[in-house]
Amino acid sequence: MTTRLDKRFAQLKQIGRAGFVTFITAGDPDFDTTLGILKGLPGAGADVIELGMPFTDPMADGPSIQASSQRALRNGASMKKTLELVRRFRESDNETPIVLMGYYNPIYHMGVETFLGRAIEAGVDGLIVVDLPPEEDDELCVPAMKAGLNFIRLATPTTDDKRLPAVLANTSGFVYYVSITGITGSASPQARNVEAAVKRIKGHTDLPVAVGFGIKTPEQAAEIARAADGAVVGSAIVDAIAREIGEDGKVRNGAVERVLEFVGKLAAGVHAARAAAAE
Amino acid sequence: MSLTKANSLRGGPDERGRFGIFGGRFVAETLMPLVLDLDQAYKDAKADPAFQAEIEYMQRDYVGRESPLYFAERLTEHLREKAAASGGEGGAKIYFKRDELNHTGSHKINNCLGQILLAKRMGKTRIIAETGAGQHGVATATVCARFGLPCVVYMGTTDIERQKPNVFRMKLLGAEVIPVTSGTGTLKDAMNEALRDWVTNVESTYYLIGTVAGPHPYPAMVRDFQSVIGEETKRQMMEREGRLPDSVVACIGGGSNAMGLFHPFLDDPSVKIYGVEAAGRGIETGEHCASLKGGSPGVLHGNRTYLLQDEDGQIKDGHSISAGLDYPGIGPEHAWLHESGRAEYVSATDKEALEAFQLCSRLEGIIPALEPAHALAFVTKIAPTLPRDHLMVMNMCGRGDKDVFAVADHLGVTL
C-alpha cells in the first residue's frame, strides 16, 4: 500500500531535494492557534508534519517540548482534540503527510483498536511512539501497520549494527535518526557524524532517513539536508510559538503568521541545501 | 534455569520482563541497548558466587544485617486491650522486621548495595538516582561515597522542602542534589529527569533506580536485592515460633520494601499478604497515592502497571503526607499480585498514619518513618480482629528521624 508518506518521499527523491519535517505540539498553546499553524505549514514549506500528542510525562523531551505539552494540557488538549485537529487539517489538504508523535499511555488508555480506527478516520498517516521499542512491537506497531498506518521508528547513536535490523524490521514510511544521545532540543548534531550514521542506516534499508534532535537554525537544517533525506525541526519551532505568548498568557496578534515566517526560513535552508551544494 | 517449581508464583518475570501483562520494557530506543546490557550483566552477576559473597560481606559489616525480628509486646498488648474493650478476645501477636536499623535508616540500602556492586562490575563511572523522601537518595549517596563514584540525585522541589535533613545528608555524603521543578516537583518528576539524564549520558552512567519499577530488569533486580528482608524474616520466625507467620504487612509507594518482604512467602499459601497504599486525604477525595485502589493499568517509566491517570491517559499527581509513597504508580509485580489475588492491597490515610506514628513512638520507643506508619495504621485496625495466636510481621522499613519536622508541622508544633 502506498501511503501519503511514501508518495511524498518519492516526489522529493524525484526532484532531488531533502524533505523538511516540522514538529508542533497539538493544542499548544490552544486549539485554534495550532489549527492556524497546521494549515499554514505546507505553504511555509513543510513537507511532512509531525503533530505531538501532549503527555504529562514526556521523558525523552527537553524543556521546550515539555513546556509545550504543559501549555497544551492546561488549555484542555486531549487525544480527541488532537485527532480533531488532523480532521480539520484534512478538509483542505489531502497531500501533506501527518505523523502523530508522542508516548504510549494516552493511546493505550484510549484502547489501541479504538485509537487506530479514529486516527485513520481523521487522516493520520503514521505514528512515532517514543517509548515503544521493537521489543514491544505487538503492543501497537504490528496492529498499526496492519491497519494501514506507517510506524516510524527512532534509530539512535546507541543502535548498533547488530540491533539495527531489529529496529528496522517493522519500520515503514521513513526512519527517524536521532542524531544525538539525549533529549529533544539539546546539543546540535555534527554534520560529519550524521553523514556517517545515515550511510550506516542506508546499508540496512531502502527507506528514507530523516534526521532530528537539536536542529535550531536554517544553516543547521541545510547541513543536515545535505546528508539525509529529511531534516526534522521541533524545539526551535515550539520555542517560536512560546515567544508568542504574552505575559497575560494570551497569544499575541499575528502569532500564526510570525511562526510560519520562521518555519519558512528553516524550509528555505532545507530546500536550497542540495542546490547550494551542487553549485 | 529457574529452580522454582512450575506452578510457583516466584518464577516471574518472563524473558520479556512481564509479570502477566504487567512490566515490560517501554523505553526510548536510545536506552534500549543499555537496558539489554544491564539485563545480561545482572544475569551474570547473579550467577557469580563472588558477587553474592561481596554483597553478603557488605550487608553484614557495612549495613548491619541481619536486622532483628522484634516482638512488639506493648503494641500487641495495647491492641489486645482494644479488642477486649469491644468485647473481643483477639489480638494478633505483632512482630516488627527492624529494617529501620540498617545503616542510613531504611531498607533502601539493601538495593543500593547490590546495584552499586553491579555498576562497578559493568565499569560505569557515574551514578544517578531519583528520590522522593530522600531515603533512596541518601542510600545511593552513601554507597557512592563508599565506592568512590560521583553521584547525582534528582529530587522534586516539593520534596526538597519537606525533607530538608535528607537533602543535607546527601550533600554531606558528596552527592549533587539537582532540584526538579517540572510537574508537581515530586518523585515522578524526579524520575522523568533522571531518565533524561540517562538518555543523555548513556556511556558513562548507571541509573540506580530505587524501587521495583522501571523497565525490566529493574523490578526483578530490585526485588531480588530486597528479598533479604523476607528471607531473614522467614528464618527468624522459624527460630522464634517454629512456624511461618500467618500474615505479613508492608507499606507501598513503588513497593520495594513490600516486594522484598513478600516475595519469599509467595509460595506459602498459609501466609496472608497485605500491601498498604497511601490513601492521602481519602481515596474518595481523589487526593491519594493508591494506584491499585484508585488507578487503572497504563504505561509509565518503562513498565505497564496500575497508574493514577485521568480519562485522557494523562498522569495525575498523587498526594500523601509521606514523600516516599507519593508516586502515581506501583511496581508491576504488585499489579500482578493484586490481579491474581495472591496479595491483598488496602490503604491508610494521612491521618491514620500520623496517629500510628505517635502510637508506635510512645508504646515501643520506636519513631517510625511516615511510610511504615501507614502499614502500622493498618496493623492497628486488623490485629484486634485476629486471634491471639495469629503471627503478624510488619516491615518497619524506615526510621522517622527525617520526618520529625514534617510531623511537628502537621501537629501544629513549632520547633
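Predicted model: local features only at pLDDT ≥ 70, side-chain atom pairs only at ≥ 80, totals over all residues.

Colleague: Why is the pair of A:Y176 and A:F213 called edge-to-face?

Modeller: The ring centres of A:Y176 and A:F213 are 6.0 Å apart and the planes make 90°.

Colleague: How do you know whether A:Y176 and A:F213 are buried or exposed?

Modeller: Buried means under 20% relative accessible area. A:Y176 has 4% and is therefore buried; A:F213, at 9%, counts as buried.

Colleague: Why is the pair of B:F19 and B:W336 called tilted?

Modeller: The planes of B:F19 and B:W336 are 40° apart, with 6.5 Å centre to centre. Planes under 30 degrees apart count as stacked and those over 60 as edge-to-face, so the rest, tilted, is the class that applies. B:F19 lies in strand β1 (residues 18-19) of chain B and B:W336 in helix α13 (residues 332-340) of chain B, so this pair links parts that are 317 residues apart in sequence. B:F19 is buried, with a relative accessible area of 2%.

Colleague: How many aromatic pairs are there over all chains, and which residues form a cluster with B:F26?

Modeller: The count is 14 aromatic pairs over all chains. A:Y104 and A:Y108 form one aromatic cluster with B:F26.

Colleague: What is the distance from the charged end of B:K93 to the ring centre of B:F71?

Modeller: The charged end of B:K93 sits over that ring, 4.9 Å from its centre, and the cut-off is within 6 Å. The charged end of B:R146 likewise sits over the ring of B:F147, 4.9 Å from its centre.

Colleague: What makes β3 and β13 of chain B edge strands?

Modeller: Six strands of chain B form an open, mixed sheet in the order β3-β4-β14-β9-β10-β13. The strands β3 (69-71) and β13 (344-349) of chain B each pair on one side only.

Colleague: How do you know that β4 and β14 of chain B are paired?

Modeller: Five bridges join β4 (residues 93-97) to β14 (residues 391-395) in chain B, and the two run parallel. Within β14(B), B:V393 is the bridge partner of B:Y95.

Notes. Residues numbered from 1 in each chain as written. Chains lettered and ligands numbered in written order. Heavy atoms only, no water. Pairing = 2+ DSSP bridges. Helix = DSSP H or I, 4+ residues; strand = E, 2+ residues; numbered from the N terminus. Buried < 20%, exposed > 50% of the residue type's maximum accessible area, 1.4 Å probe, protein only. Lys NZ or Arg CZ within 6 Å of the ring centre and 35° of its normal.
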